[in-house]
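Thanks for coming, everyone. I will walk through a few features.

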Number of protein chains: 2
Amino acid sequence: MITLTYRIETPGSIETLAAKIASDQSTGTFVALPGETEELKARVAARVLAIRHLPDAERPSIPDDSNGPFRRADVDIGFPFDAIGTDLSALMTIAIGGTYSIKGLTGIRVVDMKLPEDFRGAHPGPQFGVAGSRRLTGVTDRPIIGTIVKPALGLRPHETAAMVAELIAAGVDFIKDDEKLMSPAYSPLSERVKAIMPLILDHEQKTGKKVMYAFGISHADPDEMMRNHDMVAKAGGNCAVVNINSIGFGGMTFLRKRSRLVLHAHRNGWDILTRHPSLGMDFKVWQQFWRLLGVDQFQINGIASKYWEPDDSFVESFKAVTTPIFSPKDCALPVAGSGQWGGQAPETYARTGRTVDLLYLCGGGIVSHPDGPGAGVRAVQQAWQAAVDGIPLADFALSHPELARSIEKFGDGKAA
Amino acid sequence: MITLTYRIETPGSIETLAAKIASDQSTGTFVALPGETEELKARVAARVLAIRHLPDAERPSIPDDSNGPFRRADVDIGFPFDAIGTDLSALMTIAIGGTYSIKGLTGIRVVDMKLPEDFRGAHPGPQFGVAGSRRLTGVTDRPIIGTIVKPALGLRPHETAAMVAELIAAGVDFIKDDEKLMSPAYSPLSERVKAIMPLILDHEQKTGKKVMYAFGISHADPDEMMRNHDMVAKAGGNCAVVNINSIGFGGMTFLRKRSRLVLHAHRNGWDILTRHPSLGMDFKVWQQFWRLLGVDQFQINGIASKYWEPDDSFVESFKAVTTPIFSPKDCALPVAGSGQWGGQAPETYARTGRTVDLLYLCGGGIVSHPDGPGAGVRAVQQAWQAAVDGIPLADFALSHPELARSIEKFGDGKAA
């Protein structure tokens, strides 16, 4: 049994709407059908398992002329495994996609999904995940500290490489292309790889430390994306940024089957599926698909991010990607990013189970440190050390000048 | 220049938010950056081209604690072509996906997208479209009349085949698997193809009429989907249902490059991107991506559908898929479906430019005709003849008993 939980809102009857979802998404249509036998229903019909009523909504979440009250409830619906199978496009179509079209609701949000044991082993899951990311970066006992080449768009390959050289020298563990940078004419991926990888390999040769560089390989065409992948892998790269929403399940599946790279997922576009609290779906549900498909590192914003997402939502997302679906191996490495600098380290650490198993991604927060990116990296490392040791940042900064300078620049909400 | 129009809503300044979208989606981040030079900006920076203010919203579309007023405007933002290029995953990421994450808005909906000439010829577009669908079905001067095997789920292949035999005999032009039916254990696609295609080919042999059968070939794995495609093509089939949202750009691109089948798109899942009028995107925008990627036939609901979608929205969608992006060849065949029977023919015809270039899809509306599917098909053909001839259905039914019987059964909103 595949169990979905829908948070529904309706000016009508919750029970009727719940039954309609179960019927429409399996055997039913708008009239009684001769072939809709009891035997067939037993084979594939979805069933309402539980209804938990919630307080009424004052106003409809989707504008609606009906008079209230707008009743709300969490409804569990069970789909027989055989009605869907393990194909994730079937699961998305039947259990989620179709439900959004149903008449008579003023809100619907998929808030939970429980997959049965039949799914165990049916999908590749992450190839590298937390352990692989640690092994490849050589970072063992603290967060992997990463940064993003900025400006997001517009630098030519030699300009990007100049910045990368500075970031490598700064001691960062991970660098990525902005997710918006793929292979535009002014910076073809092939040129970027040629300009950047020698710097990474040279630094590895000299120091033994291989910086993980995530190249933007996304393309709507899986064949092109694989060419991009191969180009990076052949040049000695070990990571790629993938815009999962923009390539879809097909792109992701195709890539994962053939991939030798750590797949760093950016979820741009996802926000519209979750930003309205009564519509769409919880990240908790959505991320299960992408982890099963093979995401290794999952961007989930961070504390006090520059985006709309509230901190509580980030904390929930962190918990989601680090909670096994079937096994700890299917967890992704959480990537805290967006408006990050060392300042959020104590709260991030405190609210995510006091773990250092994360990639902590600071763009401007490292690059724009007043004493340069090297000081920026050290400041972030110091902030995490303080967080883990339970020392207030201001105290730790007394003996750590880089942290002190970053607090001067980014503190008191200046980075938000 | 790629131009997007965003309908934005904010308790703050429209001008500030518009500038923020343009900046965040190209060169900017949360702090000033050393590399963000004027030269770079000229190369890739997005610019606000126009702001058209709209009446304030009384309440925020996304719940928000701010006091109103919630200002609204349509904002045109231009992206230099070179900042994005022709890759549709880059276009989706930069111009749409990323904008949904921006802080300080209470509504954002992408309502228009104008692609420059640089995109002409950059994508395959439909392989068959309207002309190919007409050629393959042999239907020239009226809508292609189609139906859907129901119940949606649960029939075993021999049961499906028995129903298909009846539908073929009924004189239908087109039959499809319900979009929720792909290849579950109780009805593997291979078995369905084996059971159904001989009926199609036998009927063609006898009558010269080849019914177009759209098999559900969707799969999250493009390799599997191609195996499904090949199975259908090899058996003499000529059409496939594709759940475009569930396979994504990657699946669609991969398939289209290799396809010999008419690709019939079901858009399940799309509703959540458009159902709230202040969020997501207009179908007009979204469908451009899928047509460029190669959709031949586009399901867009219909008049008085069983889903949430209002008739006006259907009419807009019909106009969208039949309006050339660069050429009439990039138009998809509109597929009116959901709760359809002959009763909607007059209004459909009147409101969509008096064209018969459509696939008119009736599930229960044909199968559940009181005198059987054959009468159901004839009733729908009669309704369309009446619509085109400008004769009220009730009058036409006086001399057309099948139509009369369908009005008895489905008329007066009974089908809704």
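Before the axis itself, how the copies are laid on each other: they are superposed by least squares on the C-alpha atoms of residues with pLDDT of at least 70 in both. And keep in mind that this is a predicted model.

So, the axis. Chain A goes onto chain B with a turn of 180° and a shift of 0.0 Å along the axis, and the RMSD is 0.0 Å. That is the relation of a two-fold axis. Which residue of chain A comes closest to the rotation axis? A:Gly248 does, with its C-alpha at 1.9 Å. Both copies use the same surface: 100% of the contact residues of chain A recur in chain B.

Next, cavities. The count comes to six cavities of 30 Å³ or more. The largest cavity holds about 520 Å³ of space. Its lining has 31 residues. Nearest the centre of the largest cavity lie A:Asn245, A:Leu273, A:Trp286, B:Asn245 and B:Leu273. Which helices contribute to the lining of the largest cavity? In chain A, α4 (88–96), α9 (244–258) and α10 (283–293) each supply at least two residues.

Now the charged side chains. Side chains of opposite charge can pair when their charged atoms come close. Over all chains, the count is 60 salt bridges. I picked three.

Buried or exposed? A:Arg52 is partly exposed, at 39% relative accessible area. A:Asp76 counts as buried, because its relative accessibility is 13% and buried means under 20%.

B:Asp357 sits in the loop between α12 (345–351) and β13 (359–361) of chain B, while B:Arg134 sits in helix α5 (residues 129–137) of chain B, so the pair ties together parts that are 223 residues apart in sequence. B:Asp357 is partly exposed, at 32%. B:Arg134 counts as buried, at 12% relative accessibility.

B:Glu224 and B:Arg227 meet in a salt bridge of 3.0 Å, N to O. They are three residues apart in helix α8 (residues 222–234) of chain B, so about one helical turn separates them. B:Glu224 is partly exposed, at 28% relative accessibility. B:Arg227 is partly exposed too, at 47%. Back in chain A, salt bridges that share partners join A:Lys150, A:Lys176, A:Asp178, A:Glu179 and A:Lys180 into one network.

One last stop: A:Thr86. Where is A:Thr86 placed? In the loop between α3 (81–84) and α4 of chain A. A:Thr86 is partly exposed, with a relative accessible area of 26%. Leaving out residues up to four places away in sequence, A:Thr86 touches A:Phe81, A:Asp118, A:Phe119, A:Ala122 and A:His123. A:Arg120 is 34 residues from A:Thr86 in sequence, yet 9.4 Å away in space, C-alpha to C-alpha.

That is my list. Over to you.

Note on methods:
Residues are numbered from 1 along each chain as its sequence is written. Chains are lettered from A and ligands numbered from 1 in the order in which they are written. This is a predicted model: local features need pLDDT of at least 70, side-chain atom pairs count only at pLDDT 80 or more; totals for chains, interfaces and linings use all residues. Side-chain values use heavy atoms; hydrogens and water are left out. On a 1 Å grid over the protein atoms alone, a cavity is a set of points where a 1.4 Å probe fits but cannot get out, and a pocket is an open set with protein on both sides within 12 Å along at least five of seven lines; lining residues have an atom within 4 Å of a point. Grid points are joined across faces, edges and corners, and a volume is the space filled by probe spheres set on the points. Helices (H or I, at least four residues) and strands (E, at least two) are DSSP runs, numbered from the N terminus. A salt bridge is a side-chain nitrogen of Lys or Arg within 4 Å of a carboxyl oxygen of Asp or Glu. Buried means under 20% relative accessible area, exposed over 50%, partly exposed in between (1.4 Å probe, protein chains only). Contact means heavy atoms within 4.5 Å.
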